[in-house]
Each structure stands twice: as C-alpha cells, then as structure tokens.
Amino acid sequence: MRHDHYHRTAWCYDTLIEPFIRSLRPTAFGLFRPAANAAILEIGCGTGTQLAFYRDQGCRPTGIDLSAAMLGQARRRLGRAGLLCRGDAARLPFPAQSFDWAVATLALHEMAAVTRAGVMAEMTRIIKASGRLGLVDYHPQRAATFNGWVTRGIIRCIEFAAGRRHYANYRHFLASGGVPSLAEQHGLVMERQKWVTGGNIGIYQLRRR
Ligand SMILES: C[S@@+](CC[C@H](N)C(=O)[O-])C[C@H]1O[C@@H](n2cnc3c(N)ncnc32)[C@H](O)[C@@H]1O
C-alpha cells in the first residue's frame, strides 16, 4: 500500500476543512435525490462525514479510501453502519453494476491523471444500468465575481499547503477541464450541474450514454 498522505492531518481534517464544505452535502444531495435505500459507493470517503449524511437520509453507504488514517476517523464516526474498505479506487473490489450511485466529493482533483482516468472507468463499471455518478469538485472556469476570486485564492493556498504532488494534480485537473472534460472522455452524459462557492465548485450528475 502507498504512503498515507493524510497520516498527519486526518485527526484534524474535520475541524479544519469540514466548516468550509459542510453545505456541499445537502446541496449535492438535493440535486442528486437518490431513492430511499439506494446503494451508494463513495470514492475517497475520507473521514466518513458524507457517508454518515447519506446514511441519515436512508441510503445504504459504502466507502473506499486509500488512507488508513482517514478511514480510522470514518470507522469511529460510522461504527457498523456502513461498509468501509481501504484501497485504490482505480481498482474497485466490487462486481460490475452493483451500486445505484457512485459519488466522489473533492477527491478526483487530488489524483494523478492516470489514477483519475482509472477511477472514472471503475465508477462507471460498478453502477447499474440505471445508476448515476454524482461528482463534486473544483470547477475549471474563471470565477465571475470578486468573492469567487477570493475563494479561489483561498482554495489555491489550501491545495498548495497539501504538498507538491497534490498541488500539481489539482493544477492538472483544472487545466484539463475538470469533470466536464472527464465526462466527455468517458462517454458519460451530463444530466445536471450546478455551481456553488462563487463558481469554484461544481456539482455534477452523470449517467452512461
Ligand atoms: C479531500 S479528501 C475528501 C474526503 C471526503 N470525500 C469528504 O467529502 O470529506 C480526499 C480523499 O480521497 C482519498 N483518495 C485519494 N486518492 C484516492 C484513491 N486513488 N483511491 C481511494 N481514495 C483516494 C484521500 O485519501 C482522501 O481521504
């Protein structure tokens, strides 16, 4: 297993980051509206905050993450309520068409391009024919308002502080067109999209063609 990039920060991740992204959970849920009891796989589930949110809405959550430290926090939060596994989401340990939804929040931008492509292919493989992908990540277009520019500056500082490779992946994600471009490359149809935080974060619902 690779080096755990969150081994020093997992314990304070929720305190430092969650206040900024808390509102994304209900906003994305409101756009996606998964059916009650839907089987949902979260890629890069981190400390499990979003899994707990989906559980509380009546869904059946499963999470996968590379980081043992982040999963430790998720286990404390979820107890036995959700299935959690450690692994690389570019090689999902699940059969084809086994989930109603595959979701990823602020995870794709930090992956290397080759991993990101593998993860998109795997997310597409494991959703049912009627399934959907729900992605939340940085939006590549320029912010349109002053507040949007300020927010983009803060995001850039946070991503820079996360380390050289993390920052390079973030820059590549934006330069290569973010989720809309990934959707096109993987033959997915953009069903719904919404921009929040001054146009800096996109919420995207995709389906197979
Ligand atoms: C910024 S955190 C977001 C956590 C969570 N989705 C949330 O909304 O709070 C990104 C997570 O993606 C995970 N991750 C990055 N690359 C991954 C991969 N290839 N497979 C599985 N998880 C990965 C990291 O370990 C980290 O926990």
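The model is a predicted one, in which local features need pLDDT of at least 70 and side-chain atom pairs count only at pLDDT 80 or more, while totals for chains, interfaces and linings use all residues. Residue numbers run from 1 along each chain as its sequence is written.

The protein chain holds 8 helices and 7 strands; these are DSSP runs numbered from the N terminus, with helices (H or I) of at least four residues and strands (E) of at least two. Its radius of gyration, taken over C-alpha atoms, is 16 Å, close to the 17 Å from the globule rule for 209 residues, so the chain is as compact as a globular protein of that length. That rule is 2.2 Å times the number of residues to the power 0.38. Along the principal axes, the C-alpha trace of the chain spans about 40 × 40 × 30 Å. Of the contacts between residues at least 6 apart in sequence, 67% join residues at least 24 apart; a contact requires C-beta atoms, placed from the backbone, within 7 Å.

The ligand has 20 residues around it, and G44, G46, S67, A89 and T105 come nearest.

I21 belongs to helix 1 (residues 10–21). With 15 other C-beta atoms within 10 Å, I21 is partly exposed, a class lying between buried and exposed, the latter meaning 12 or fewer such atoms. I21 and A35 are 14 residues apart in sequence, and their C-alpha atoms are 23 Å apart in space.

Q97 lies in the loop between strand 3 (83–86) and strand 4 (99–105). Although Q97 is not a glycine, it has a positive phi of about 55 degrees. Q97 is partly exposed, because it has 13 C-beta neighbours inside 10 Å. L106, in the loop between strand 4 and helix 5 (113–126), is likewise not a glycine and has a positive phi of about 50 degrees. Its 17 C-beta neighbours inside 10 Å make L106 partly exposed.

Conventions:
A residue is near a molecule or strand if its C-beta atom, placed from the backbone, lies within 6 Å of it. Two residues are in contact if their C-beta atoms, placed from the backbone, lie within 7 Å. A residue is buried if 20 or more other C-beta atoms lie within 10 Å of its own, exposed if 12 or fewer, and partly exposed in between; C-beta atoms are placed from the backbone.
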